[in-house]
Amino acid sequence: MTAEQTTVLLILLVTVVLFLWGRWRHDMVALAALLACVLAGLVPPEDAFMGFGHPAVITVACVLVLSRGLQQSGAIDVLARRLLPAEAGVTLSIVALTALGAALSAFMNNVGALALLMPVAIQIARRQQLAPGVVLMPLAFGTILGGMTTLIGTPPNLIVSGFRAANGTGGFAMFDFAPVGLAVACTGVLFVTLLGWRLVPRRKPSGMEGFDSAAYITEARVPEEAKAVGLSLREVEAELEQAGAQVLALVRNEVRVTAPSLRRRVQARDILLIEAEAESLSNVLSSLGLKLAAEKANSDKDGVAADAEDQSAESSEDKAAREKGEEPVLMEFVVLPDSELIGRSAREIRLRSRYNINLLALSRQGQRSVARLRAFAFTAGDLLLMQGSPEALGEFATTAGCVPLAERELRIPDKRKLVQACVIMAGTILCVTLGLLPAAIAFSAGVLASMAAGTVPPRSVYSAIDGSVVVLLGALFPVAAAMETTGAAGLVARFLLEQLVQGHGVLALALILVVTMTLSDLMNNAATAAVMCPIALGTAAQLGANADPFLMAVAIGGSCAFLTPIGHQNNTLILGPGGFRFGDYWRLGLPLEIVVVLIGIPMLLLVWPL
């Protein structure tokens, strides 16, 4: 063992210990490991930060942005309602979601499959009152497992096929991986969804504390094409009950009907006064095709939309703001005791024409009123949900005597942006699946298209990217490269094989699989496959055995990185949203890897005899 190999293995050991210790944040540890390799001469200083330009880093960042676009446009709400059971319990919901992710990842980039379903997983977790990570980790593992079933499902399969072709026996066909991969994937998905999700640590993601407010009273307009048109209020109430909302009153032709008969039919252009939690408003609107009454606001004097006519003209201030790329945001405010709003209504202070913002909803704890929003007389302590540009909302807070509490991500369904977001994501995934563009280029183009179309406002692009994840990946790629260039990875693998195999073919096959899985937990899975394929071919030659089962063992092992967040991009993607620590993955990952070995070895011997 050379001095360089000893040094890089020592740095890697200390890094893993610090990751598991959890005292320092994972990006700090990764950056420390990178600097240690530079100071030890293992990574040239000019190459120290080349990892930040690695395609995997760019892909992860872009996937997070595109996922935000799908979420904000309401596309994920539609997908969740149509493809997943609405009344299912925890287990059935996780089974359905994870199985869908595994199926998608067999024919598309598994990072893209996770990106498509990750917001759905968060919604399911919220609906089932679970920590987001409880649903995210089974989904991430399912998309990894699904990728091993086809040639294009994951990079290690392509690398293994390339080594087989270079060995003179031709590459593997599209579905050569399916017999073993499908058995392993199906068993693994069943394990993580029926039993394994209970092993996931329940953690609250950082920055998710938010402000827990009381229910809001909101005005919802019924458009001509709304699903609610023609339904009785009893049917509307039944639909809203799933989101924990209720109808307080109905306004028709400027006449307010308090506690209307449940037999009354909803008509187009009616206004429904609905009481709902802020987090449920998007589901309330999309389930019945309703619109916030302020969404089509014109510059009327009362601060909310005109009710008699459905006017859609934007004010000159709105148009100017949109031309500058200042998309409106939603912000919660609390009315201070000395506010100029106290005792006055939105109509009286000319909220829309004076501040160019909309009052979407109002929450008054302990009290309920069925008055129109424009007629509410504000009192100290009221919570107001406002919509407008950041500058306009800031001016309102300063001059009106209100304190901003939190920016809300209320997803108001928008058919145009919904379609655009889906087309952009589908086009990006199609380019990657067909090999028209590399993943990093395709996803970067998707982000640019999303910004141009407005499905992801430019101001939200960088806030959608988890910087700590980018630093983690960017810093560790040069460290993994140092393991390859120094020969440390190959040295470890060869040592284990020479000391433990001793001429036993089945034992050699199992060891190839286990060593590949172990290395893939610590370094990039494509790099792991590249390191292990020559060792697999050499082992087969030494034993006089068929090389195919050993190459397939590398393919399976390279796709089974379940112990750490750095072994696979999908594990890294859920690190922040799931609130996970570095040492949380092995609790579900280790039993799953044992299941993979128990199923994988017999299937390899059955399908690809030695």
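1. In this predicted model, helix α7 and helix α9 (residues 178-194) have axes that come within 9 Å and cross at roughly 175 degrees. Since angles over 145 degrees count as roughly antiparallel, α7 is therefore roughly antiparallel to α9. On the α7 side the contact is formed by Pro138, Gly142, Leu145 and Gly146, and on the α9 side by Val184, Ala185, Gly188, Val189 and Val192. Sorted by class, the residues of this contact are six nonpolar, three polar and no charged.

2. Helix α7 (residues 132-146) also packs with helix α5 (residues 90-105): the two axes come within 7 Å, and the crossing angle is roughly 30 degrees. That pair is therefore roughly parallel, and α5 passes α7 in a right-handed crossing. From α5 the contributing residues are Ile94, Leu97, Thr98, Gly101, Ala102 and Ser105; from α7 they are Val134, Val135, Pro138, Leu139, Gly142, Thr143 and Gly146. The class count for the contact of α5 with α7 is seven nonpolar, six polar and no charged residues.

3. Taken together, these points describe α7 through two partners. Pro138, Gly142 and Gly146 are among the α7 residues listed for the contact with α9, and Pro138, Gly142 and Gly146 are also among those that meet α5.

4. Leaving aside residues up to four places away in sequence, Ile94 touches Val134, Val135, Pro138, Thr193 and Trp197. Of these, Val134, Val135 and Pro138 belong to the α7 side of the contact with α5. The C-alpha atom of Ile94 is separated by 8.3 Å from that of Leu194, although the two residues are 100 residues apart along the chain.

5. Val29 is found in helix α2 (residues 26-39) and is buried, with a relative accessible area of 1%.

6. Pro156, Asn157, Val160 and Arg164 of α8 meet Asp548, Leu551, Val554, Ala555 and Gly558 of α22. Here the classes are five nonpolar, two polar and two charged residues.

7. What are the buried residues of helix α14 (residues 390-400)? They are Ala392, Leu393, Phe396, Ala397 and Ala400. Because these residues cover an arc of only 140 degrees around the axis, they lie on the same side of α14. Just after this helix, Gly401 takes a positive phi of about 80 degrees.

8. Most residues other than glycine have a negative phi. Gln129, which is not a glycine, has a positive phi of about 60 degrees; this residue lies in the loop between α6 (110-127) and α7. With a relative accessible area of 76%, Gln129 is exposed.

9. The other position is Arg269, where phi is positive at about 75 degrees although the residue is not a glycine. Arg269 lies in the loop between β3 (255-258) and β4 (271-276). A relative accessibility of 40% makes Arg269 partly exposed.

10. For the chain as a whole, the secondary structure comes to 24 helices and nine strands. Buried residues make up 55% of the 610 residues. Among contacts with a separation of 6 or more, 78% are between residues 24 or more positions apart.

Methods
Residues are numbered from 1 along each chain as its sequence is written. This is a predicted model: local features need pLDDT of at least 70, side-chain atom pairs count only at pLDDT 80 or more; totals for chains, interfaces and linings use all residues. Side-chain values use heavy atoms; hydrogens and water are left out. Axes are lines fitted to C-alpha atoms, for helices over the stretch in contact, and angles run from 0 to 180 degrees between N-to-C directions. Helices (H or I, at least four residues) and strands (E, at least two) are DSSP runs, numbered from the N terminus. Angles under 35 degrees count as roughly parallel, over 145 as roughly antiparallel, 65 to 115 as roughly perpendicular and the rest as oblique. A crossing is left-handed if the near helix is turned anticlockwise from the far one by less than a right angle, and right-handed if clockwise. Contact means heavy atoms within 4.5 Å. Ala, Val, Leu, Ile, Met, Phe, Trp, Tyr, Cys and Pro count as nonpolar, Asp, Glu, Lys and Arg as charged, and the others, Gly among them, as polar. Buried means under 20% relative accessible area, exposed over 50%, partly exposed in between (1.4 Å probe, protein chains only). The arc is that of the directions from the helix axis to the C-beta atoms.
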